[in-house]
Number of protein chains: 2
Amino acid sequence: MANKAITSRDVDFAKWYTDVVRAAKLADYSNVKGCTVFEPNGYAIWEKMQAVLDKMFKETGHKNVYMPVLIPENLMKKEGELINGFAPEVAWVTIGGNKELEERMCIRPTSETLFSDYYSNKVRSYRDLPLKYNQWCNVMRWEKETRPFLRSREFLWQEGHTVHETSMEAELETKNMLETYKTFFEDYLAIPVITGKKTEKEKFAGAEYTLTVEALMYSGVSLQSGTSHYFGQKFSKAYDIKFSNRQNELEYVYQTSWGVTTRMIGALIMVHSDDDGLVLPPKIAPTQVMIIPIGESEEVKTFCDGVYTKLKEKNISVEVDLTEKSPGFKFAEAEVNGIPVRIEIGARDLENNEITIARRDTKEKIKLNKNIDIVKAVEEVMNDIQNNLFERAKKRRDELTYECHKLEEVERIMNTKPGFVKAMWCGDEACEVKMKEIRGTKSRCILENETAIDDKCIVCGKEAKHLVVWGIQY
Amino acid sequence: MANKAITSRDVDFAKWYTDVVRAAKLADYSNVKGCTVFEPNGYAIWEKMQAVLDKMFKETGHKNVYMPVLIPENLMKKEGELINGFAPEVAWVTIGGNKELEERMCIRPTSETLFSDYYSNKVRSYRDLPLKYNQWCNVMRWEKETRPFLRSREFLWQEGHTVHETSMEAELETKNMLETYKTFFEDYLAIPVITGKKTEKEKFAGAEYTLTVEALMYSGVSLQSGTSHYFGQKFSKAYDIKFSNRQNELEYVYQTSWGVTTRMIGALIMVHSDDDGLVLPPKIAPTQVMIIPIGESEEVKTFCDGVYTKLKEKNISVEVDLTEKSPGFKFAEAEVNGIPVRIEIGARDLENNEITIARRDTKEKIKLNKNIDIVKAVEEVMNDIQNNLFERAKKRRDELTYECHKLEEVERIMNTKPGFVKAMWCGDEACEVKMKEIRGTKSRCILENETAIDDKCIVCGKEAKHLVVWGIQY
């Protein structure tokens, strides 16, 4: 029986989404327009994401730093494309300490400017390179329409900014970080992703090119989930980041940046969750196991404690629900909160030498002998859940991925059962604009290593240059 | 021989401080006036502090959340004392998305307002209480004079905000969090602290009372290092945070807040460091051990690897310096960066069955048999360093703590060898103002559990009410 506080996702996906966010206590609207309060359940997911990614970054030689939240207008304007891209959506501080500022400053929408300014003072020789820095911080973009996690004026993210001696090394970094994101999405979030290059129209303002990780939501809508940019020398020329190279000549550095945001929490919800609430892959769930005692008996309590201790010792994140609610209420709460594994332990079960494990993903209940190796059993079931969520999402993604050769096909698909559309493109922006007329369908990315499926552009019929994935986006 | 890039701390303490910050690559000035760039070495210390404190907070039932960075003026103004206290030092956003805002918003100087607003929507019954939330974030206060870590327009901190059913519970929380800070300072940072209550004049705007952790720097100057506030019902009345209590009557909640900041990095520097650079207690050092191979021989390399692996396995944070610099340069670098333990391994040493351990705190070099249990040896020396730093700081603090009965004594002390002055006070603000004329000497805190040392106020000679610690502050 579905949770009554939650609209069915097949009836109204947008409403279902906000219902899940509220029911699982992930976030709340605030009295600051366009900004979200991250509540404990939501913030804990972000902390788990941070811990995994931060380890991956550090293992590949990146170091964390922290740059100021404000950027003086003058500094912001040095790279023309960047300011043009972000000017319409920044927030300006004009008064500080009761005084009008001589120069207004914006709250960072992204920090290429500050990193570039910093690097220009630090880099002197090829011996100083590479510098591979990252920061975890808040950023602000003055969005009009906002939705928790997916689009809000303030969000949390990490932004990596690196400078290198050669273009080859910088391009490799750009690619490696994209691969890091892909690994994170697939192995931890259990979300299958497509990776590729953004078109000129869709790339990041100021980048030579942008690589992207694209995921498909349950509803068939696409979500840009992480990007990695190669800047070449665009910023280093604008911000004068020069070094003496091995030939003792002055040269501009080659630069990258890459980021993922709290939007990933939105992706988790929209890919895995259901009409009973949140569903979380065990590898990213802040609480992996909830033990629920049924009844008041001492024997049950002692048994629950024993199971808790065994799991805790093996670093499984486990809790015992000792609140004064009915077991049924506790089951539903563990369910709506997306806890992957529930262990139900009652007096009658124990008499029958049994305990019950309930899986959040399939709702399956499994009776086990109470003396089983509980650590092994839980680890196995968590593994199963992790794999099942990935396979389930992949199956749906594949079902909703279409090869198209005519615009009418795209139109029919996007109006009935949308998803990823693979189609050939001539490389002309006008054709992208034309495609957008179909329910806002945009290019997600260029697939660089897949075989062409046609020799003509799906829009204009001229010679095709790229196989592109298209989709409707959030 | 002292580091040439660093002024002696006994010659010019302020200059020495900034020299150490630069030489140890902790922070850099930025082109954003009044804001600091936290460089990798500095930020890594903050990460270590966060990890320890976050664990302490979570173990005592606190949960992390995240509130918006902007506060609408109207919301900010609801509690009169708070806005009066912070109005002169906030930064206002007046333009967003190219439009003048209808209501300006400030960048949070602290978040009582947003937490109170949130709680007012969440709390209904005593069953919802307590709520014990914390957030790690950036805040902004428009300071005029700034110094890295000690005082800057933007800084990083944690702010805990809790709401409770009874005043007793909230007051206990206020006290417990102060004790948590004291434990953190003494057991991890190796900084002895004095704890007590702020006077009315020095308490936080809007608090019933403020408890504080006060430390003494090497120079004899005081540093307010952490505060814990009891709000009673001041904010709950202003923001209408009501709950139905156990008698089924509507009542306002009792509230607390508490915070420590990146200023703690400044305290670490000013208490422990010396003319050779940074000195870090092992429990907070991002890198605890640096292994330095001397010469190029394979045997040395293999031996270094072996030591590295053994230490790493025991979760000691260790690195091997494999850069192409001279051993002497590497020694100096490990020293200026404050790495507690250095292990020097050379071919000749190995022939003599020896390796050398160098302590950063005392500069002592210890020859050890190369086959010694290196994990045990390193753990012992780190323990020693941790204890020695605390004892050394405590000894200096105690030497610079004076009992005074006359203003002339305070004057003489503050003008020659300043420190903590213990003196009796009548409770009258006029006497605090008078005291401030002596080189800005301020009350640090009221010692509530110590015996009176006089029956007269040191300033006016009238009946004394409190034993107070006074000091010159940053």
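## A helix crossing in chain B

H1(B) passes H8(B) in a right-handed crossing; a crossing is right-handed if the near helix is turned clockwise from the far one by less than a right angle, and left-handed if anticlockwise. This is a predicted model, in which local features need pLDDT of at least 70 and side-chain atom pairs pLDDT 80 or more, while totals for chains, interfaces and linings use all residues. Residues are numbered from 1 along each chain as its sequence is written, chains are lettered from A and ligands numbered from 1 in the order in which they are written, and side-chain values use heavy atoms, without hydrogens and water.

Helix H1 covers residues 13-23 of chain B and helix H8 residues 263-272. Helices (H or I, at least four residues) and strands (E, at least two) are DSSP runs, numbered from the N terminus. The two helices pack at an angle of about 115 degrees, with their axes 11 Å apart; axes are lines fitted to C-alpha atoms over the stretch in contact, and angles run from 0 to 180 degrees between N-to-C directions. B:Phe13, B:Trp16, B:Tyr17, B:Val20 and B:Val21 in H1(B) meet B:Gly266, B:Ile269 and B:Met270 in H8(B).

## Aromatic pairs

Over all chains, the whole structure holds 38 aromatic pairs. Rings of Phe, Tyr and Trp (its six-membered ring) pair if their centres lie within 6.5 Å; planes under 30 degrees apart count as stacked, over 60 as edge-to-face and the rest as tilted. The pair of A:Phe38 and A:Phe149 is edge-to-face, because the ring centres are 5.5 Å apart and the planes stand at 70 degrees. A:Phe38 belongs to strand S2 of chain A and A:Phe149 to the loop between strands S7 and S8, so the pair ties together parts 111 residues apart in sequence.

A:Phe38 is buried (under 20% relative accessible area, with a 1.4 Å probe and protein chains only; over 50% is exposed, in between partly exposed). Its relative accessible area is 3%, and A:Phe149 is also buried, at 3%. In chain B, B:Tyr118 and B:Tyr133 form a tilted pair, 6.3 Å centre to centre with 45 degrees between the planes.

## The surroundings of B:His161

B:His161 lies in strand S8 (residues 154-164) of chain B and is buried, with a relative accessible area of 1%. B:Glu112 is 49 residues from B:His161 in sequence, yet their C-alpha atoms are 7.3 Å apart. Beyond its neighbours within four places in sequence, B:His161 is in contact (heavy atoms within 4.5 Å) with residues including B:Glu112, B:Tyr133 and B:Ser257.
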